[in-house]
Amino acid sequence: TSPAPRSSPKLISPGVAAEIPEALPEEEPTSGLVLIAVLGIQDPIREEVRKAVLDCHSAGIAVRMVTGDHLHTAMVVAKSCGIFQDGEAHFAMEGPEFEQMSRNSPERLLQVLPRLRVLARSSPANKQQLVRLLTEMGEVVGVTGDGTNDAPALKLANVGFAMRSGTDVAKAASGMVLLDNNFATVVRAVMWGRSVNDNVRKFLQFQLTVNLSTVLLTFIGSAVSATNAEPLKTVQLLWVNLLQDTLAALALATERPTEANLRRPPTYKGGPLISRRMWAFVVMHGVFQLSIMLLLVSQGHVWFRCRDCSPGRTMEEGVWDHGFCRGGLEHTTVLFNTFVWMTLLNLFNARRVYGELNCFSGLLLYSRPLLAVLAISVTFQVFAVELAGPFMKTTPLRGVQWMGCLALAALELPLGLLLRAIPIGEYSPAPMEPIGDPARADLHSVFAMSAQTGMGMSFRPIDPEEARQQQLQRMPS
């Protein structure tokens, strides 16, 4: 702006003319001013933030923003990030209102808290109190921050994420430091964490299945065998044990995380490590493998035309039954070969712990170690049957016998598909209802905070009613 009198107009920019005085007056003029421009400064949001927030939503994680900015500014930022959505009945409030509600209307605060997405004009005490309320509700809370004022909330949260550019106090109070100062890194950490948990479950259900079928086969198979010998020899059991422990762990525990890990709700923190679907997997596949093996023990010598019994052999080396050799070397090789192939093909079924139908998706991109393990195992199995007879207690099989072993083992795949298609409900606690509000509370929450804006994470109450009563008792009077 500039005063109008005693000056000639000058062109200061294309299309804009203003009166420029030769000397500035001693007092600031209050009239005769000309508006030249309005200047605004915006701190742009990173491009990856909105996608990270959307990934959190698809993963069952709610994002909350706690900031010291004005409510309107915070709302604009939250909407642009996808944190606050008008159609989702989300709620926003300011720090003084939050503090007053916690003192005077704690029950009303419990109604609002599940839908709270933006807390503006907040103080460090408001941030810490919000973290405390969420943790007392039984949720797993993650907080991001970079300032000294964020240290109490970072310390109180289940997981504190400090920025690399933050203060030393914030870093000391947190559990992790984000070296790239990016909220999207928190989402990647969630994806990797879920992948590790899933890989452990994959290995467990595979190993438990093999253990169940192997132990029962050793006892029951010895009882029904014509020679009273174990269906699988000692050295063969050692190979099965190596396959189920070392190689299976290498194959299933090294699968890389995928975007699918972020498209399902989190696992309830108080739930069992072995889910109901996993138990169904262990029982169904274990019983199936045991049934096939017992059928082969009793009828396999007939089905596979085993005739390697000689008159000079002892009973332990096989007996003639219906014109075929039962319990002979050829018969036991068929048993061993079929069981190993069922175990190998069941690796594909074990890759799915949440009922996904396609057990082959992502093999080349995320499961290359599994393919390598399969190649090594198949090579050794062929070598053990065809060439390592004296050592592995086997004899070479005919082509028809190989096809029969593979056909029986391949039944594992349709059985696994059928089992995954059956809906199996998992354990989850009763949903927590806000007091006086029929709408269900959020199952999982995440919020983060920094000196100005932020975000973080949380999960499910163990006992909703007990958690609510504890909240009311701990509210400041």
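1. A disulfide is taken here as a pair of cysteine sulfur atoms within 2.5 Å, and a search of the whole structure on that basis finds 0 disulfides. C405 is accordingly in no disulfide, and the nearest cysteine sulfur, that of C306, is 9.0 Å away. C405 counts as buried because its relative accessibility is 0%, where buried means under 20% relative accessible area, exposed over 50% and partly exposed in between, with a 1.4 Å probe and protein chains only.

2. Some notes on the source belong here: this is a predicted model, in which local features need pLDDT of at least 70 and side-chain atom pairs count only at pLDDT 80 or more, while totals for chains, interfaces and linings use all residues. Residues are numbered from 1 along each chain as its sequence is written, and side-chain values use heavy atoms, with hydrogens and water left out.

3. On the chain as a whole, the secondary structure comes to 17 helices and 12 strands, these being DSSP runs numbered from the N terminus (helices H or I, at least four residues; strands E, at least two). Of the 477 residues, 47% count as buried. The accessible surface comes to about 23300 Å², of which 61% belongs to carbon and sulfur atoms; the areas come from the Shrake-Rupley method with a 1.4 Å probe, and for residues only the protein chains shown count as cover. Among contacts (heavy atoms within 4.5 Å) between residues at least 6 apart in sequence, 70% join residues at least 24 apart.

4. Helix α1 (residues 47-58) has V49, A52, V53, D55 and C56 as buried residues. Seen down the axis of α1, these fall within an arc of 160 degrees, so they line one face of the helix; the arc is that of the directions from the helix axis to the C-beta atoms. C56 counts as buried because its relative accessibility is 4%. The buried residues of α1 pack against β3 (63-66), α2 (71-81) and α8, and α1 is followed by G60, whose phi is positive, near 80 degrees.

5. G82 follows α2 with a positive phi, near 90 degrees.

6. Two backbone values deserve a look, since most residues other than glycine have a negative phi. R121, in the loop between β5 (116-120) and α5 (124-136), has a positive phi near 45 degrees, and R121 counts as partly exposed because its relative accessibility is 43%. R305, in the loop between α10 (276-303) and β9 (319-321), has a positive phi near 55 degrees, and R305 is partly exposed, with a relative accessible area of 46%.

7. I220 is found in helix α8 (residues 184-224) and is partly exposed, with a relative accessible area of 33%.
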